[in-house]
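The following note was prepared for a colleague who wishes to examine selected local features of the structure. The points are numbered so that each may be checked in turn.

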Amino acid sequence: MGVRYIGAEVKRLEDPKLITGRGRYVDDIHLPAMLHAAFVRSSHAHAKIGDIDVAAAAAVPGVVAVLTAADFGPRMAAAMPQPYAAPVIKQSITQHPLAREEVCYVGETIAVVVAESRPVAEDAAALVAVDYAPLPVMAEFRKALDADAATAHAGASDNLMATLRAQFGDTEAIFASAPHVFRETLSQHRGGCHAMECRGVVASFDPGPDELTIWTSTQAPYLVRRLLAGYLGRDESTLRVAAPDVGGGFGPKAGFYAEEIVLALLAERLQRPVKWIEDRREHFYATTQQRDQFWDVEVAAASDGRILGLRGRCIHDNGAYVPYGVLLPATSLAAFPGPYALACLDIRIDAVFTNMVPNTPVRGAGRPNTAFVLERMADRVARELKIDRAEVRRRSFVRPDQFPYETGMKARDGSPISYDSGSYHACLDRVMAKIGTDFVARQQAARAEGRYLGLGIAAYVEDTGLAPFEGVSIRVLPSGDVVLRTGAASQGQGHATVLAQICAEGLGVRIERIKVEAADTGKFPLGIATVASRVAVTAGSSAQLAAERVRAKALKVAADMLEAAEQDLVIEDGIVHVAGVPEMKVTLGEIARRLAGAPGQPMPAGVEPDLAATAYFEARQTPFANGTNAAEVEVDIETGEVKILRYLVVHDCGRLLNPRLVDGQIVGGVVHGIGNALYERMVYDESGQPLTTNYGEYLLPLATEMPPIEVEHIETPSPLNPLGIKGAGEGGTIPAIATIISAVDDALAPLNVRIAEYPLSPERLLDLIDAAAKAG
Amino acid sequence: MSEKRRISLTVNGKAVEREVETRTHLADFLRHEIGLTGTHVGCEHGVCGACTVLVDGAAVRSCLMLAVQADGAAVTTVEGLARPDGTLHPLQTAFWEHHGLQCGFCTPGMLTSLAAYLEAHPNADEPDIRRAISGNICRCTGYQNIVAAALDAARVMREGR
């Protein structure tokens, strides 16, 4: 046997360049004669726009062009395309690449300035004078469907974007006969993705072959290619979209943005390369955000604490436009019933327009919201019935003997949703064992000293490996080196390493010989997007299949070359030899040279040229990951500070391809959720002005606040793909908010403070403590 | 607006002389004037720390410093942390070993901040290291592996003294 790679803690192939400053992010691309763009953005949340006076800007030395939508004529007449059209969308309103008559959020693009340098472009952009006629603003999403609500779009009859509903079981009867029904209202607040690299685009046009190349900091280069080609009326063969190194994505980079269209049109029009790099303030104004939801929900429970069903309604803020179909609210809906075996469910989500930045998935998409709802309700049942919180969950989870378990939910095509496998009880029990039996004693001892300790627990299930595919091609070069190509884009997950591990083991080569090239439409024909924790499952399975095919081809040719039987051959470290006779050998490079062809020399009989294969593993069913988190916190009731003392994760994402990388995904995801729970607060005032537009006002988690996070794995391989993989990219984030809020709630239970919202700033926590004291 | 001044400095041990606009900040100068794109710009308002470089040995946010202020200084960027023969700095090795980076965008600032800190505080413990990088934001890692890497690098650096 050669070296085993799958499951090993292989160091990342990506790192040597990144630790020495040799990464190539979009702003590191420098082309000859390149120009720089800066955008004029709306300063109003909702307004008609009249005259746009560009004279002063155009007069600045170094400015090449100042352009509005009108200047592009028919090339920019259409609004942006809807990438995910669905009949359920009542008002599929998308923005224009540059606004034409109306602006609907602060930050919406109105005009673009192109100059010889970025500072000059930005100086000139500030000189563009836009005539605004303000319109009524909708900046409070909970009121968006009120009869007297201002509409976020002039001329719209209301603010309803779509209503989604999921139902199963006899909800009416079960709630009528249930021994206990409890009702809660829950508020969840918006934050941003805040990848450390902002967005950015470089566009270059070559009029000779009529080829347009776009480098963009994206999670979805193939989506950008398709939509951009459609918008430009350009054949996809003349448009190359590539994601270079991308400095974090976290969801919002999976969309298609106005700036990508504008840059493409600028490069065509000016016939010079053009670069635009988003600055951090623009990131607050113009990159999509997430998580604003308001829930009014009821839970039905049996006397023993078993959760029977859930019903309720959610108002979901979609922001000003629909850049991403209904995928975000649909993800919230589809995340029910979580790990719980429910007899009934009836959930309605009304997605509404507001005059704020559009909302699309941020790490976890709608799942952290749903986990928050389910877990707050589970805690509520436990509290009301005075049953241990873990026990309520134990009694309500899908049992191990129930897999595959049909939840009652339906997929988009109407087929039943089925949980393939999982370890819900095992993860919970392991977390509780790690917490130990002494927590209550410690909590009581602390309370006697006036210190407020709390324990939070939350469980989750995650649908991963979203259909349909990410393909992989593997090609052995005459040197014996191997090139692996895929359409799947990376933003730091370590896909190159993981795919190379699978390839190395499947083919029988050393990982050092493998070069991975990804996310470039010029190098691989098809791709979907890096979203929904899907790349390890889809591309990983494709890598396995492609490696098997290359291996089979190599063995067939080697048997011919060595005059040996195929079944007697093994491949080790890139050398095919007869088992037990290492001197009877041929290298993969020699086989590749044989299959590269030479004049007059026929191919081996029955073998096509090229030692290569392409595979598309087709993900037809969903592997579900699961886990339970727990946190111990201490709340200072004088200052409102929440200190996280300990954070535990027991997690099951099937077979671990590289435990070190999975741990990295989990820990990073948890910290994102902790940020949502305690720090990150994207504030808009009543006129739709964003008030938190820098990192002094919008707080991200820092090293000093983060607790040690302990991660343990249980491996329940998925039966749905050859390697037993389930996704791991978002499983850290999904339960983290619910875990922290559960812990704070537990800590403050003696003060009768109940937490039904996030984020919890110290100020907000003190308000809640004061209000509970006044209520007595 | 576009007043220019000639500056001379050393960057990663090499002498550099350039005419620069007085308003150009050091990060843009390093990235776009002399092509050292390893230094990253994450917020341009001095909070995220991605642009940290060493100026005469001190960790400095290069988005908050003008290039003209570096006249006469010795600047070290992430490209200059390894030895000229390519031997990695102990921090670089430790970040690789401990999976201390994911997207890699904050990494140059983490490495330079920690290089300066560990030089001055060779016996740093975990709370010290967390404080030392409290001005560097990472959205990917949750900091845990960065801290582990820094502790390991500190040990290696102590042993190498």
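**Notes on selected features**

1. A:Pro337 is located in the loop of chain A that runs between α9 (327–334) and β17 (344–352). The model is a predicted one. The peptide bond joining A:Phe336 and A:Pro337 is cis, with omega about 0°. A:Pro759 belongs to the loop between β31 (757–758) and α19 (762–775) of chain A.

2. A:Lys386, although not a glycine, has a positive phi of about 55°. Its place is the loop between α10 (367–385) and α11 of chain A. With a relative accessible area of 76%, A:Lys386 is exposed, since the cut-off for that class is over 50%. A:Asp610, also a residue other than glycine, has a positive phi near 80°. A:Asp610 lies in the loop between α16 (588–596) and β27 (612–615) of chain A. Its relative accessible area is 28%, so A:Asp610 is classed as partly exposed.

3. How are α11(A) and α12(A) oriented to each other? Helix α11 (residues 389–396) and helix α12 (residues 424–435), both of chain A, pack at an angle of about 165°, and their axes are 10 Å apart. Angles over 145 degrees count as roughly antiparallel, and the two helices are therefore roughly antiparallel to each other. Their contact is formed by A:Ala390, A:Arg393 and A:Arg394 from α11(A) together with A:His425, A:Leu428, A:Asp429 and A:Met432 from α12(A). Sorted by class, the residues of this contact are three nonpolar, one polar and three charged. The crossing of α11(A) and α12(A) is left-handed.

4. A further helix pair in chain A consists of α6 (residues 221–232) and α7 (residues 258–270), which pack at an angle of about 55° with axes 11 Å apart. At that angle α6(A) and α7(A) are oblique to each other, and the crossing is right-handed. On the side of α6(A), the contact involves A:Val224, A:Leu228, A:Tyr231 and A:Leu232, which meet A:Glu260, A:Ile261, A:Ala264, A:Leu265 and A:Glu268 of α7(A). Seven residues of this contact are nonpolar, none is polar and two are charged.

5. A:Leu455 is part of strand β20 (residues 452–463) of chain A. Is A:Leu455 buried or exposed? A:Leu455 has a relative accessible area of 8% and is therefore buried, the cut-off being under 20%. Beyond residues up to four places away in sequence, A:Leu455 touches several others, including A:Arg389, A:Met432, A:Ile435 and A:Phe439, as well as A:Ala630, A:Ser742 and A:Asp746.

6. Helix α18 of chain A comprises residues 733–747. Its 15 residues should span 21 Å at 1.5 Å a residue, and the end C-alpha atoms are 22 Å apart, which agrees. Of the 15 residues of α18(A), 15 are buried, so the helix is largely enclosed by the rest of the structure.

7. A:Thr628 lies in strand β28 (residues 624–635) of chain A. A relative accessible area of 1% places A:Thr628 among the buried residues. Apart from neighbours within four places in sequence, its contacts include A:Tyr424, A:Cys427, A:Leu428 and A:Val431, along with A:Ala458, A:Tyr460 and A:Val649. A:Thr628 and A:Arg430 are 198 residues apart along the chain, yet their C-alpha atoms are separated by 8.8 Å.

8. In chain B, helix α1 (residues 26–33) has B:Leu26, B:Ala27, B:Phe29, B:Leu30 and B:Arg31 as its buried residues. The elements that cover them include β1 (4–11), β2 (14–21), β3 (52–55) and β5 (74–76) of chain B. After α1(B) comes B:Gly35, with a positive phi near 75°.

9. B:Ser113 is situated in helix α3 (residues 107–120) of chain B. B:Ser113 is buried, its relative accessible area being 9%. Setting aside residues up to four places away in sequence, B:Ser113 touches B:Thr52, B:Ala59 and B:Asn136.

Note on methods:
Residues numbered from 1 in each chain as written. Chains lettered and ligands numbered in written order. Predicted model: local features only at pLDDT ≥ 70, side-chain atom pairs only at ≥ 80, totals over all residues. Heavy atoms only, no water. Helix = DSSP H or I, 4+ residues; strand = E, 2+ residues; numbered from the N terminus. Buried < 20%, exposed > 50% of the residue type's maximum accessible area, 1.4 Å probe, protein only. Contact = heavy atoms within 4.5 Å. Expected span 1.5 Å × (residues − 1). Axes fitted to C-alpha atoms, helices over the stretch in contact; angles between N-to-C directions. Parallel < 35°, antiparallel > 145°, perpendicular 65-115°, else oblique. Left-handed = near helix turned anticlockwise from the far one by under 90°. Nonpolar A, V, L, I, M, F, W, Y, C, P; charged D, E, K, R; others polar.
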